[in-house]
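Open the structure in your viewer and keep the selection tool at hand. This tour goes stop by stop.

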Amino acid sequence: MKWFDYAAPRSVAEAVRLLAAHPAARTLAGGTDLLVQLRSGRKETDLVVDIKRIPELNELRYDPAAGLTLGAAVPCYRIYQHAGLRLAYPALAETASLIGGTQIQGRASVGGNLCNASPSADTVPLLIALSATCHIAGPQGTRAIPVEDFCVAPGRNILTPGELLVSLHVPPPAPHSGARYLRFIPRNEMDIAVAGAGVSVTLDHGHFRSARIALAAVAPTPLLVREAGDALAGRPVSAESMGAAAELAKAAARPITDMRGTAEYRRHLCAVLTRRALEAAVAQAKGN
Amino acid sequence: MHGKYHVRTTINGEAVEFLCEPRQSLLECLRDILGLTGSKEGCNDGNCGACTVILDGRIVNSCLVLGAEADGADITTIEGVARGSRLHPVQRAFLEQAALQCGVCTPGLIVAAKALLEAEAQPSEERIRFWLANNLCRCTGYDKIVRAVQQAAHEMQEVNR
């Protein structure tokens, strides 16, 4: 790796000062993307700012009334080992266990997965489906934005120089709600999604009250398909309604053909994964 | 400021201090500065697991950790697995089951398997295979490795009985 300096600030304010003073600085959480990119020369920096010693970045707190606060540096294993979180957001716990292998899950964070802004990021469609928001600190103060607005292009996010993703907030799960992220990979584990679908549903007496559907690896960014979720609102829970939503998701996908799959195959996967994820989320909602 | 970074750690139960460049990975620090060459560099990008160490209770790829990040951490490497000349049950089982050929993946696999068996006494075969998914072996086809971990789990339970 090329030379860089290293700093491990103890507060958000100190981190923001460092990031603002060094426009080429890179934030380091689990490092499972960043260190690979620095080593390969895909990214360069003069300063790595390790954010793992900042208390807010390590916060993991679930409250049935307030929802989930997930510090941006919390590694995946803490998410799926958290008993309260596993009960309230089983889909999030499961998705955190999909990323990489055990060693990667010991380091990689959901916040980092989001900031890396890969179109195939596994946690992002589910965060979007769960209506999660990003809490950002910067030289001008703090701001909050929906997760679906955070990624702007492959590998690029909305953060401006000096800004830091502090935490993600997920609203408390509504009664009779469920969620699920499903991806297709040719192996059983340790792979990158060919396509993925994250969904959340809220049911009301055999009907959908609301739904949100987001896709992975079929657009330059993780993709919220608002019309697919909206089409379910008020409709009965049935194979027909879910099939129609799945077709809307497929129609919204803008995939490319690459080494992992063709555009046509990815569009097909969008419909299949969306339908199956909806079925799984409905089953979970009926149990709630 | 092109200075070196002063890191204070505990490695295999002993307090260890070293100076490293901020860009040096923990793996480079272990091998090139401290002479602990048991941890291997395979892919150097987090796929192969040959550099696996236990960092504050969790297995990690030491190629994806900066040495500077290890300040204050407790680290176990393959050199800390045996007790003097007494092999750990996982190490014995790897020998008895012939769970290695070229040996490059073996330190990482043994560290990863040890961490699993210390957390879970009776992991299923599926659990073992998923836990070790980040440790690649191009020689054995994995079956002998899984059998060795199962044997070690059995022996560790017998000892604890």
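What follows is a walk through chains, domains and helix pairs.

**Stop 1: the whole model**

Start with everything shown. This is a predicted model. It scores ipTM 0.96 and pTM 0.96. Now colour chain B by confidence. Chain B averages a pLDDT of 96. In chain B, 98% of the residues score at least 70.

**Stop 2: where chain A meets chain B**

Select both sides of the contact between the chains. Chain A brings 23 residues and chain B brings 24 residues. On the chain A side, pick out β1 (5-7), α2 (34-40), β3 (47-50) and α6 (102-105). Each of these elements of chain A supplies at least two residues of the side that touches chain B. Next, colour that side of chain A by residue class. You will find 10 nonpolar, seven polar and six charged residues.

**Stop 3: the domains of chain A**

Select domain 2 and domain 3 of chain A. The contact draws 23 residues from domain 2 of chain A and 25 residues from domain 3 of chain A.

Look at the domain 2 side. There α5 (90-96), α8 (123-129) and β8 (151-153) of chain A each supply at least two residues of the side touching domain 3. Which element gives the most to that side of domain 2 of chain A? Select α8(A): it gives the most, with five residues. By class, the side of domain 2 of chain A that touches domain 3 of chain A holds 16 nonpolar, five polar and two charged residues.

**Stop 4: the domains of chain B**

The domain assignment of chain B gives domain 1 (5-80) and domain 2 (89-160). Between the centres of these two domains of chain B, taken over C-alpha atoms, lie 21 Å. Domain 1 of chain B puts 14 residues into the contact, and domain 2 of chain B puts in 11 residues.

Now select strand β3 (residues 52-55) of chain B. This strand gives the most to the side of domain 1 of chain B that touches domain 2 of chain B, with three residues. That side of domain 1 of chain B divides into seven nonpolar, six polar and one charged.

**Stop 5: α3 and α5 of chain B**

Select helix α3 (residues 106-119) and helix α5 (residues 143-160) of chain B. They pack at an angle of about 40°, with their axes 11 Å apart. That angle makes α3(B) oblique to α5(B). The crossing of α3(B) past α5(B) is right-handed.

Show the side chains. From α3(B) come B:Leu109, B:Ala113 and B:Leu117. From α5(B) come B:Ile145, B:Val149, B:Ala152, B:Ala153 and B:Met156. What classes of residue make the contact of α3(B) with α5(B)? This contact has eight nonpolar, no polar and no charged residues.

**Stop 6: α2 and α5 of chain B**

The crossing of α2(B) and α5(B) is right-handed.

Pick the α2(B) side: B:Pro89, B:Val90, B:Ala93, B:Phe94 and B:Glu96. They meet B:Ala148, B:Val149, B:Gln151, B:Ala152, B:Glu155 and B:Met156 in α5(B). The residues of this contact of α2(B) with α5(B) divide into eight nonpolar, one polar and two charged.

**Stop 7: α2 and α3 of chain B**

The crossing of α2(B) and α3(B) is right-handed.

Show B:Val90, B:Gln91 and B:Phe94 in α2(B). These residues meet B:Thr106, B:Ile110, B:Ala113, B:Lys114 and B:Leu117 in α3(B). By class, the contact of α2(B) with α3(B) has five nonpolar, two polar and one charged.

Note on methods
Residues are numbered from 1 along each chain as its sequence is written. Chains are lettered from A and ligands numbered from 1 in the order in which they are written. This is a predicted model: local features need pLDDT of at least 70, side-chain atom pairs count only at pLDDT 80 or more; totals for chains, interfaces and linings use all residues. pLDDT is the predictor's confidence in each residue, from 0 to 100. Axes are lines fitted to C-alpha atoms, for helices over the stretch in contact, and angles run from 0 to 180 degrees between N-to-C directions. Helices (H or I, at least four residues) and strands (E, at least two) are DSSP runs, numbered from the N terminus. Angles under 35 degrees count as roughly parallel, over 145 as roughly antiparallel, 65 to 115 as roughly perpendicular and the rest as oblique. A crossing is left-handed if the near helix is turned anticlockwise from the far one by less than a right angle, and right-handed if clockwise. Two residues are in contact if their C-beta atoms, placed from the backbone, lie within 7 Å. Ala, Val, Leu, Ile, Met, Phe, Trp, Tyr, Cys and Pro count as nonpolar, Asp, Glu, Lys and Arg as charged, and the others, Gly among them, as polar. Domain bounds come from an automatic or database domain assignment.
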